[in-house]
Amino acid sequence: MIRHVARATLCAAWLASLACSADKFNVPQYNAPTITGVNGTPQALQLYVSGVLLQERNNIGGYNNDVGIFGRESYSYFPTDARSVSHYLIGLSGANNTRILDPAGFASGQWFNWYRNMKNAVNLVAFADANGALSPTQKSAVKGFAKTIRGLSLYRVIVTRDTLGVPGDIPADPTAPAAFLSRDAAWQQVTAILDEAKADLTAAGSTAFPFALDDGFAGFNTPASFLKFNRGLAARVLVNRSKAAPGTNNGIPATAYFIMYPTNVSPVPIIRNEELILLRAEANLGAGNAGAALTDINTIRTVSGGLAPLGSLGADPIGALLYERRYSLLWEGHRWNDMRRYGRLSQLPLDLPSHFVAKVMPIPKQECDARGTPTQCQ
Amino acid sequence: MFRTLFCAAAALLVIAPAASAQREVSGRVTLAGSSEPIPDASVGVVGIPVGARTNARGEYRLRVPDGDVTLATRMIGYKRQTVRVAAGQTTVNFELEKDVLQLEAITVTGAATTMERRNATSSVSQVSADQLERVPAVSIENALQGKVLGASINMNNGAPGGGGQIQIRGASSLIGKIDPLYVIDGVIVSNDVRSNNQRYITNSLNSGEENGTNRLADINPADIESVEVLKGSVASAIYGSQATNGVVVISTKRGRSGSPRFQLTQRVGTFQLIRNKGLRHYANVDQLLTSSQVACKTPTTATASCGNPAGAAAARAVCTASSCPYYDYFGMLYGRTAPSWETSGSMSGGVETTKYFVSFNDREDAGIAMNTGARRQSVRASVDQAIGSKITANVATNIMRSFSQRGISNNDNTNSSPLYGFAYSPNVLDLRQRDATGNYIINPFGGSPLNISNPFQTFDLMRNNEDVYRVIANATVNYQAWSSARNDVRINVLAGADRFSSQNFEFAPPSLQFEQPGTNEGTFPGASIQGNGSTQLVNTNLSAVWTFTPNNRWFSATTSGGTQYADRQLSDYTIVAQGLTPSVVAATGAVHTTTFDSLVVQRNQAYYAQEDFLTFGEKMLLSAAVRTERSSVNGDSKKFYTFPRFGASYRIVRPFSGIGEIKLRGTVGQAGNQPNYGERFLTLTNGGQIGGQTGLIQAASIGNPKIRPERLIESEFGIDGSFLDDRAQLEVTFFNRDISDLLVRPLLAQSSGVNQEVINGGSMRTRGTEIGVTLAPIESRTNGLTWTSRTTYQQNSAKILKFAPGVLPFNLNATGGFGTAYGRLKFTPGNSVSAIYGNRKNADGTVSRDIVLADANPKYMMAFSNDLTWSNFRLGTVVDMRKGGTVSNLTLNLYDEGNTTWDYDKPSPNPAVGATLGAYRYNTWAGGTNTSVYLFDGSFVKVREITLAYDVPQQRLNALQRFGVRTTNLSVSGRNLFIISGYDGFDPEVNNGGNVVARFVDLAQYPPSRSYFFTVALGF
């Protein structure tokens, strides 16, 4: 009797434990979207497109902040952490008595996020290619959009790393990073990506985008009109490429301040008409058409600035142009690069003797470590 | 295979000898040297499973076989006694001696098996109820400090309500779980820390910095019968892939038969700041005006240009050319000594078939700062019931409530933590003052007039409450399937559950200075955080134990096996509301709200088998076990991972005169550490919304569908000996832990668009030594004078051996320290796990960056316990010592930066670098180019416990006896009474990031306190 009870108990329990089927152990991911869970759904395309737009938006604040500080357009007042000043304005001693920014410090940022958005764009292109629901022209429209933003992201990293050069491609295997390109090759790569995007947008013809763009793109939200945005960026790249608050903080006085982006939902421009006119003026200056340049600059002065037109550009026409760019494009991420590409970084003010003007943002330490510290790393 | 085994075991039950004729033996068990009865002692016949327990008068009655028999009696806390009983003898009395060296303890070896400690094949650490209860503690970790050989136990800070880390045998994982598994009466319980999302007020970096409480704090230490710490591979056969970090097995008190006994304990006491370094004494107005928080260029002229004009005006108003007021801000905010109390009681009793234990506890700790404190309430009931002669069942339920108010502390970027606020506020103003409208005055100092807080206002108006309701319940059924002279088969079924909801409420009203528009936090002034987390753990075990002893008694073989299923679910949601309308607490109507919702589900299933073979007159034990299990968190949830263990011990009895026994022991075994939930999935990241659309972006850290548990192989060897007529005991243990398949989170080249991955790609090794010496130098029966002394020494070091090809050194986010400027962990092959990396300025002026500067791991730790009893008095002390172990003293860095340090004006070693000591330190640190300046030796000696107890003699209790009082005990006790340390700060024990693999960051913690309690315990 006892034997039977014991056997029955043990064997029943054994069977009960087997009843815990394998499916019960295949616990899903509850807290984050999985790639397999998203890709089969009709919303997937819009989610990926919005991701690309969102990443650009999320990055641009930090980018304008960083390059704004380097270009002495702005200062960070963050008194609980002295590194908010020292890492941007004081830096480290580099080779040959130069000063550099700390590759492991605060001012090495915005590297990952721009590459992450390039990866987002690459993911979007791959998703569109594999998506049977899209017509060939719709696929072209998606790719044209994705590549335009990818080009823009690559522009942001080369403009901040300049002479160091940057990797130009997104590898399929994240443990095998792409090769560094020289500055000039990287600029050419930006142009090439934007031109590829142009070809895709053109191939899309009169098809509408198979997704919605946010209202920052009002007027540029079809492949045909988005092409204008693409060409605006391409123009900026070409022009840039041709030359190759109150209180005190860490001793920096401030008596006046202005507010540009009052809330965290304020629009931050990527590119505006005003910049396109200034780019045309700069191109005309470079081509020796001083008169045409003066006309454009005076358009900016009178229409945008409410100032009197200039009679001439004077002895330093580039200086006059940079003056207009400084105020027209204030805190839109241009001043530092403008001064650098015309070799005028030394004209930027130093508030304390310990400060310096960074020439480039460093390749972050993590990137250097992962590649065994190539020469681009300082 | 198991099926065959079980059914074979069951089949063996048919072989059973017939019962023989019986007679009755009775007698009494008392304490040697007195007539004091020992209730609940077990009396049995050696060799056959027959036994009885003594009643409240120490009496027993037992049926034994005819003929000569040997009776043995034993009781935990006393030395066993064996008596030969002749055929005709019917009365046998026992006089037991106290087992001060714990030679007789029982230790856990399997899910349903225990064994005598003297045969254990590995080192055993046990803490008894008496050791836990003597001095009141905020939580169990606190009560265990200095008492567990092989464990490093530290409190994360001094806030009321607990929050501490137990680390057993050093580091054994980098990014996997680092806390031991906690098991109460067979129920796997949660020790999670729930994030209170305070980082939305402090703008700190992650949830580790929020000064959360790990939920061990809910358990009432007075309910605990014993705590056993399973340190290494000995735990593997019981808990497999959750056992790498050790297992803390807690057994609670159960009912004892006999007349009902009641215990009522009342405690009253208080907490007090343990160390107050004070603040800077400003000499005169000029000194204050030139300090960094006022920053006047030419202070002597009234029109001087000052960086902080409001601060300059305030300075001129209170200071003169020859003096400044001094306010002891630490003493003012953390100087409260409000009454704390604890009331607890228990009731137990029953008959042989039904026994019960019921207890309650209500405790309130008043924090040393206003509006901080902790309340713990608990009710517990346990019933043991015999059903027929073969089945016993135990059902226990514990209902707990923990409520805590922990204020605000730790890393901070809004200056809301008081130690941040004070650092940047020269202490010349009474910040408790109110202005004409009744509001707190504005603190005019700080880097920018608004970006500072008034900590008195903060602690008066801010709230950080956590309220936890919890139930832990278990039901256990034991079935004695067969019992004979040779065979004993028991079947054990256990079901247990741990369920709690933790509700938190944090509120920073918009009127707080650090919430004003223009501050870092003031984008949306005012914050309210409300969250609720529900945790549910359920486990069921089924096990069978078969003990076979042949007629010739050459050996006894215990075969056991079983299965376990465990389910764990955590659901959590929080609403963070920022931008509050004054007087509104709810999130409704807030300018900006953020919500979190998460669900974690994990399931484990395991099978295990074990064989313990005891032979050579119980001198040799051979033990082997295996456990195989699968888990839903592994990449392949169907795959079983197997963890074996082998152990042996041999006792050499009386090898020489003066040596009672020497035991050689060794165990080699494996254990695992599971991946975290969700790591096996390839996911996308929700980036937020744009233009009304959700956007999905590339995950920064990619998952790994091949993820599997880390695997620990531990070998442990040791010698235990008892000497000098059992008055001295020595235990020495060496261990080596090799961990392979180490979970790592290497950093990738970010230009790939991916930041990190998680893989099994490394190995590490931890080695250590544990030595314990227990002495009973005085044990006098005549005047009752006894002195017991225990000294322990432990040392371990953990080294990363190698990483898989392509895996680069990586660090833990802010929980492992901040940037190199402040010192941080960086896991690097060939180096210590706890190596602190930072920058060093070389003699030639160049700076070496991100190099190893120090190690957070202590060189060794020691603890000294002494108990002295004389007549009715008892004096107990526990002293804890740590030698070495570097601490990053960032609290000091804050005060040097704010020019407010206690020792700021001491003479400078080099006036060319800084005019005073504080300036010298800060300038030498030079923005983090010389990290070592703030890396300090964390050595300390702490007097953890002193207690003086007095058992009131019966004759003095006449008045109370009328109310049924049997015993009265009075005691005065203190915890953390003194700290002896050269450390230049509050306490080197704290840690900013909570429970971390290597602790070393002191950054604005709630200052630790000492406590004193007076206790009256009445027994009825």
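1. Contact between the domains of chain A. In chain A, 14 residues of domain 1 are in contact with 8 residues of domain 2. Contact here means heavy atoms within 4.5 Å. This is a predicted model: local features need pLDDT of at least 70, side-chain atom pairs count only at pLDDT 80 or more, and totals for chains, interfaces and linings use all residues. Residues are numbered from 1 along each chain as its sequence is written, chains are lettered from A and ligands numbered from 1 in the order in which they are written, and side-chain values use heavy atoms, with hydrogens and water left out.

2. Where those domains lie. Domain 1 of chain A covers 45-271 + 348-370, and domain 2 of chain A covers 273-331. Such bounds come from an automatic or database domain assignment. The C-alpha centres of the two domains of chain A are 25 Å apart.

3. Area and bonds between them. Domain 1 and domain 2 of chain A bury about 1,100 Å² between them, and carbon and sulfur atoms give 65% of that. Buried area is the accessible area (1.4 Å probe) that two parts lose on being put together, summed over both. The rule finds 1 salt bridge across this interface. A salt bridge needs a side-chain nitrogen of Lys or Arg within 4 Å of a carboxyl oxygen of Asp or Glu. A:Glu275 pairs in this way with A:Arg236, and their closest N and O atoms are 2.6 Å apart.

4. Which elements build the domain 1 side in chain A? Helix 4 and helix 9 (223-242) of chain A each give two or more residues to the side that touches domain 2 of chain A. Helix 9 of chain A gives the most, with 4 residues. Helices (H or I, at least four residues) and strands (E, at least two) are DSSP runs, numbered from the N terminus. By class, this side of domain 1 of chain A divides into 7 nonpolar, 5 polar and 2 charged residues. Ala, Val, Leu, Ile, Met, Phe, Trp, Tyr, Cys and Pro count as nonpolar, Asp, Glu, Lys and Arg as charged, and the others, Gly among them, as polar.

5. The interface of the two chains. Chain A brings 72 residues to the contact and chain B brings 80 residues. Together chain A and chain B bury about 6,700 Å², with 65% of it on carbon and sulfur atoms. How many salt bridges link chain A and chain B? The count is 1 salt bridge. B:Asp850 and A:Lys365 form a salt bridge, with their closest N and O atoms 3.4 Å apart. Between chain A and chain B there are 22 residue pairs in polar contact, both at pLDDT 80 or more.

6. Several elements of chain A supply at least two residues each, among them helix 1 (2-18), helix 6 (111-129) and strand 5 (247-249). Helix 1 of chain A gives the most to the side that touches chain B, with 11 residues. The chain A side has 38 nonpolar, 19 polar and 15 charged residues.

7. Domains of chain B. The assignment for chain B gives domain 1 (20-96), domain 2 (140-271 + 340-416 + 453-885 + 938-1019) and domain 3 (887-932). The C-alpha centres of domain 1 and domain 2 of chain B are 39 Å apart. In chain B, 10 residues of domain 1 are in contact with 11 residues of domain 2. The area buried between domain 1 and domain 2 of chain B is about 900 Å², and 47% of it comes from carbon and sulfur atoms. These two domains of chain B have 0 salt bridges between them.

8. Pairs inside chain A. Over all chains, the search finds 78 salt bridges. One of them joins A:Arg150 and A:Asp169, with the closest N and O atoms 3.2 Å apart. A:Arg150 lies in helix 7 of chain A and A:Asp169 in the loop between strand 3 (166-167) and strand 4 (180-181) of chain A, so this pair ties together parts 19 residues apart in sequence.

Terms used:
A polar contact is a pair of N or O atoms within 3.5 Å; within protein, one must be able to donate a hydrogen and the other to accept it, and residues adjacent in sequence count only if both atoms are side-chain atoms.
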